[in-house]
Amino acid sequence: MDNIFTPAIQRGDELIERKIRYDSLVVEHNCLVLKAHKQHVVLFHEIMDSFTMNAGPTKLTIPIGSYTIAYYWKDRPYNLYIWRDHEGNYLGSYFNIVKNTYMTDRLVSFEDLIIDILVLPNGNHFILDEDELPVPLDRFENGSVRQSLKALLDSIDSILSQTLSDSENSYKHEDLLSLWDN
């Protein structure tokens, strides 16, 4: 894969993450580039507002001062957020089922397809937001979301293990702190 770092885009540069929700609402976050290739991008985002993810009786709170290392791929029907706290400890991960991931030197955009998977540090994972679908999962988006979800669940352990390893080896907490301070 060709690196798209050019004079126009360098590690630490600002880039906008644009999520187009299924209801067409656009949500944007300012992020910093960690890595950029033609087919995938890795971004850093500081958590400015605490939030809690609910999966039945299980809750995961991401506190202020934590951060996200976010992976986006043009050729995969999902993106992945890895959360770490202010000391660099792994808090959990979150997969979004998506389509139409688009990347430029200033923007990563994707269409969110509602269904998500929350993964806790112990490896337990939960499918989220199925109750928000406008039609049953097997008919939603002509079955493509169900197919993407099944394929992801079939390989979630290896995908997450590989990506967590990459994250820990490539994006050391101490190095990210220097980005944070800029």
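**Strand pairing and helix packing in a predicted model**

A hairpin joins strand E2 to strand E3 through three residues; strands (E, at least two residues) and helices (H or I, at least four) are DSSP runs, numbered from the N terminus. The structure is a predicted model, in which local features need pLDDT of at least 70 and side-chain atom pairs count only at pLDDT 80 or more, whereas totals for chains, interfaces and linings use all residues. Residues are numbered from 1 along each chain as its sequence is written, and side-chain values use heavy atoms, with hydrogens and water left out.

Strand E2 comprises residues 26-36 and runs antiparallel to E3, to which four bridges join it. Two strands are said to pair if DSSP finds at least two bridges between them. Within this arrangement, Ala-36 has Val-41 of E3 as its bridge partner. E3 also pairs with strand E6 (residues 67-73), again in the antiparallel sense, over seven bridges. In that pairing, His-45 stands opposite Thr-68 of E6. Strand E3 (residues 40-46) is largely enclosed by the rest of the structure, because six of its seven residues are buried. Here, buried denotes a relative accessible area under 20%, exposed one over 50%, and partly exposed the range in between (1.4 Å probe, protein chains only).

The loop between strand E5 (58-62) and E6 contains Ser-66. This residue has a relative accessibility of 1% and therefore counts as buried. The side chain of Ser-66 reaches the backbone oxygen of Pro-63 at 2.8 Å.

Helix H1 spans residues 144-170 and includes Thr-163. Thr-163 counts as buried, because its relative accessibility is 7%. When residues up to four places away in sequence are not counted, Thr-163 touches Tyr-71, Leu-80 and Ile-82; a contact means heavy atoms within 4.5 Å. Thr-163 and Tyr-71 are 92 residues apart along the chain, and their C-alpha atoms are separated by 8.6 Å.

Ser-167 also lies in helix H1. With a relative accessibility of 1%, Ser-167 counts as buried. The side chains of Ser-167 and Arg-84 are joined by a polar contact of 2.8 Å. Such a contact is a pair of N or O atoms within 3.5 Å; within protein, one atom must be able to donate a hydrogen and the other to accept it, and residues adjacent in sequence count only if both atoms are side-chain atoms. Residues up to four places away in sequence again being left out, Ser-167 touches Ile-69, Tyr-71, Ile-82 and Arg-84.

Taken as a whole, the protein has two helices and ten strands. From the N terminus on, its elements run β-β-β-β-β-β-β-β-β-β-α-α. The radius of gyration of the protein is 16 Å, close to the 16 Å that the globule rule gives for 182 residues, so the protein is as compact as a globular protein of that length. This radius is taken over C-alpha atoms, and the rule is 2.2 Å times the number of residues to the power 0.38. Along the principal axes, the C-alpha atoms fill a box of roughly 45 × 35 × 30 Å.

Of the 182 residues in the protein, 44% are buried. Among contacts with a separation of 6 or more, 49% are accounted for by residues 24 or more positions apart. The protein exposes about 9500 Å², of which carbon and sulfur atoms supply 47%. Accessible areas come from the Shrake-Rupley method with a 1.4 Å probe, and for residues only the protein chains shown count as cover.
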